[in-house]
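Thanks for coming. I have one structure to go through today, so let me put it on the screen.

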Amino acid sequence: MYHLAKSLYTYATSKEEYSVLLLGLDNAGKTTLLTQIKALYQPRTDGTPAPGPNPSKTVPTVGQNVSTISLPDMNLKIWDVGGQITMRGLWQSYYTSCHAIIFVVDSADVGQDPDITRLPTAPGRRLSSVSVSGTSRGNSDGRELFSEQNVGINAGAADFGRLDECRQVLESVLQNADVAGVPILVLANKQDREDCVEVVRIKEGFVRKVFEGDTGTGVRDSRVLPVSALLGSGVQAAVEWVQSRVKWNKEGRPPVMR
Ligand SMILES: Nc1nc2c(ncn2[C@@H]2O[C@H](COP(=O)(O)OP(=O)(O)OP(=O)(O)O)[C@@H](O)[C@H]2O)c(=O)[nH]1
Ligand SMILES: [Mg+2]
């Protein structure tokens with residue numbers, strides 16, 4: 001009887017917790033986004049809002065930052081991991097336990113015409129040429145997948161910014177069997193910048209092609225949204241999308257009860 005009462009009490013007082021993984025190239029704005037989300041959703045103990053992002057204090061992430069925000073019907077535990085090449089090998093260790101992925105793209109660093117079909121191709125740069133092995137389609141060592149040659153660095157396509165690198169990194173995330181069925185939100189960040197490209201161009205230029213390609217077949221649910229992590233515009237819509245999709249996918253990836 002005691003055990004029954006205890007489990008009923010625990011059930012009644014606990015909350016569903018979902019893990020959200022922030023991914024994207026270095027400098028995309030992941031840490032800025034996490035800081036903005038905290039400012040919007042995580043008041044300090046005295047009730048005042050947490051401070052918003054401060055560009056002069058932002059440094060490249062080495063390792064991870066994690067914060068839990070409390071929403072009326074769930075907690076979202078948000079993992080911000082470093083996007084530098086040397087950090088990307090760590091990403092896959094988060095895949096099995098995440099309920100959603102937010103892939104952040106710097107909209108001011110994909111060229112003014114972000115259409116992958118226009119990118120010059122250099123032999124040996126395509127991800128399909130990467131040898132794969134191991135249980136999760138070759139990601140036993142993510143560093144190999146994300147080596148400079150494989151992610152299109154020094155591709156000689158200055159007009160396209162880091163478009164090809166971005167596309168290959170997104171493809172390699174989707175290729176991992178551990179993220180199959182996980183909702184993926186792509187954020188076209190830095191929409192406040194004058195030199196940014198519109199979300200529709202990022203979507204049509206490369207994201208849709210990645211999702212519709214071979215690597216995107218395991219994606220259950222995806223969306224592309226414009227945001228400015230720095231100013232906060234679009235951030236609430238992004239959180240709401242994640243909130244609704246993790247719930248919808250709850251049977252595929254059940255939450256942790258806390
Ligand atoms: N204008 C503008 N700048 C932004 C925005 N988001 C991020 N930045 C700037 O972009 C730079 C990189 O931001 P970070 O948040 O550190 O990027 P990151 O993705 O966490 O980078 P890594 O930790 O290296 O993976 C910083 O100078 C930010 O101030 C945005 O929405 N608008
Ligand atoms: Mg960071």
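Predicted model: local features only at pLDDT ≥ 70, side-chain atom pairs only at ≥ 80, totals over all residues.

Start with ligand 1. There are 22 residues around it, and the ones that come nearest are Gly29, Pro55, Pro60, Thr61 and Gly83. By type, the shell holds twelve polar, five nonpolar and five charged residues. Helix α2, residues 30-41, supplies the largest share of that shell, with three residues.

Now the annotation. Which residues does UniProt list under "binding site"? Thr31 and Thr61, from an unreviewed entry.

Thr31 sits in helix α2. Thr31 counts as buried because 23 other C-beta atoms lie within 10 Å. Its contacts, setting aside neighbours within four places in sequence, are Thr58, Thr61, Asn65 and Asp80.

Thr61 is in the loop between α2 and β2. With 18 other C-beta atoms within 10 Å, Thr61 is partly exposed. On the same terms, Thr61 is in contact with Thr31, Asp80, Val81 and Gly82.

Back to α2, where we also find Leu33. Leu33 has 27 other C-beta atoms within 10 Å, so it is buried. Beyond its neighbours within four places, Leu33 contacts Leu22, Val104, Ala229 and Val235. Leu231 is 198 residues from Leu33 in sequence, yet the two C-alpha atoms are 9.5 Å apart.

Last, helix α6, residues 163-175. At 1.5 Å a residue, its 13 residues should span 18 Å, and the end C-alpha atoms are 18 Å apart, which agrees. Of those 13 residues in α6, 13 are buried.

Technical notes. Residues numbered from 1 in each chain as written. Chains lettered and ligands numbered in written order. Helix = DSSP H or I, 4+ residues; strand = E, 2+ residues; numbered from the N terminus. Expected span 1.5 Å × (residues − 1). Buried ≥ 20, exposed ≤ 12 C-beta atoms within 10 Å, placed from the backbone. Near = placed C-beta within 6 Å. Nonpolar A, V, L, I, M, F, W, Y, C, P; charged D, E, K, R; others polar. Contact = placed C-beta atoms within 7 Å. UniProt positions renumbered as here; feature names shortened; annotations may be inferred.
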